[in-house]
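Please open the structure in a viewer and keep the selection panel at hand.

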Amino acid sequence: MQFSKFATAAFLAMVVGSAAVNNASAAQCGKTSAGFSDWIQEFKQEAAGQGVNARLLDQVFATVSYNTNTIRADRGQKSFKLSFDQFMKKRGGAVIISRGKAMKKNNASLFSRIESRYGVPAGPLIAIWGMETGFGGYMGNEHTLSAVATLAYDCRRTDYFTDQLYAALQLVGSKSLALNARGAAHGEIGQTQFLPRNVVRFGADGDGDGRIDLVHSRADALASTANFLRGHGWQPGAGYQPGEPNFGALQGWNAASVYQQAIAYIGAQIDGR
């Protein structure tokens with residue numbers, strides 16, 4: 001999946017503005033698959049009213065279906081309730097540290113470039129990369145547009161994922177996301193698992209080829225992750241352990257405290273801190 005330079009400023013303004021759609025006119029959410037087809041028709045009307053091209057909407061929703069795997073995953077995120085030691089064991093923390101040290105050594109010039117540009121050292125980037133996809137080993141097999149649309153329809157986090165859906169439409173409209181793209185259960189994309197809105201906001205061309213490809217280019221995925229952390233307040237040269245200035249940026253990556261602690265710990269082991 002290749003992410004080219006993003007859509008025009010006018011399209012971006014439309015997408016950002018769409019998040020503020022009046023609740024009275026918003027498509028009706030649901031808790032089962034029963035109302036999904038009706039929701040699609042309502043959402044398409046809503047999106048068209050926000051300026052999204054009708055042909056684009058037809059193309060996208062011709063590929064979309066209610067994703068029960070996505071709902072099951074959304075309801076079953078039990079690992080974030082584990083203790084730190086349990087979480088590290090479940091996520092293979094020791095293996096990530098061992099492989100991560102080798103990754104840092106074997107990609108030293110890449111990590112040096114990223115740190116020079118964004119101020120983020122290798123350790124936390126490698127920790128995220130390892131925990132999210134096993135260094136790109138498994139990025140998910142769910143239909144991305146169906147996953148995001150299902151969560152936009154679902155009543156649990158409708159507003160949040162409606163915004164993600166508008167971002168996904170932007171990526172499709174700019175030919176930056178394929179209609180058949182596949183990723184993780186919540187619509188995350190690539191080697192470090194970016195949701196569509198974060199691709200739009202923080203996607204970076206780390207290998208200098210003029211494209212942003214978070215799936216096939218580790219340089220793009222890692223540069224984008226560093227750009228995300230910088231966008232969440234990362235301060236070059238400051239520490240990233242709990243209580244230090246950059247731990248807040250790690251909190252921006254994932255809301256689960258045990259995940260934040262794991263990034264900090266694994267990163268420190270890899271960076272030798």
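A disulfide is taken here as a pair of cysteine sulfur atoms within 2.5 Å. By this rule the structure contains 1 disulfide. The model is a predicted one, in which local features need pLDDT of at least 70, side-chain atom pairs count only at pLDDT 80 or more, and totals for chains, interfaces and linings use all residues. Residues are numbered from 1 along each chain as its sequence is written, and side-chain values use heavy atoms, with hydrogens and water left out.

**First selection: C29 and C155**

The disulfide joins C29 to C155, with an S to S distance of 2.1 Å. The torsion about the S-S bond is about 95 degrees, so this disulfide is right-handed. C29 lies in the loop between α1 (9-18) and α2 (36-49), and C155 in the loop between α9 (144-153) and α10 (158-173), so the bond ties together parts that are 126 residues apart in sequence. Helices (H or I, at least four residues) and strands (E, at least two) are DSSP runs, numbered from the N terminus.

Select W39 and display its contacts (heavy atoms within 4.5 Å). Leaving aside neighbours within four places in sequence, the partners of W39 include C29, F61, A149, Y153 and L165. W39 is also among the residues with the most contacts inside the largest nonpolar core, together with F43, F61 and L229; that core has 80 residues. A nonpolar core is a set of buried Ala, Val, Leu, Ile, Met, Phe, Trp, Tyr and Cys residues joined through side-chain atoms within 4.5 Å.

**Next: helix α12**

Select residues 218-231, which form α12. Of its 14 residues, 11 are buried, so α12 is largely enclosed by the rest of the structure. L229 is one of these buried residues, as are F228 and L222. The buried residues of α12 pack against α7 (108-118), α8 (122-133), α11 (196-202) and α13 (247-253). Just after α12, G233 takes a positive phi of about 100 degrees.

F135 is not a glycine, yet has a positive phi of about 60 degrees. F135 sits in the loop between α8 and β1 (142-143) and is buried, at 8% relative accessibility. Q193, likewise not a glycine, has a positive phi of about 65 degrees. Q193 lies in the loop between β2 (182-183) and α11 and is buried at 11%.

Technical notes. The expected span of a helix is 1.5 Å times one less than its number of residues. Buried means under 20% relative accessible area, exposed over 50%, partly exposed in between (1.4 Å probe, protein chains only).
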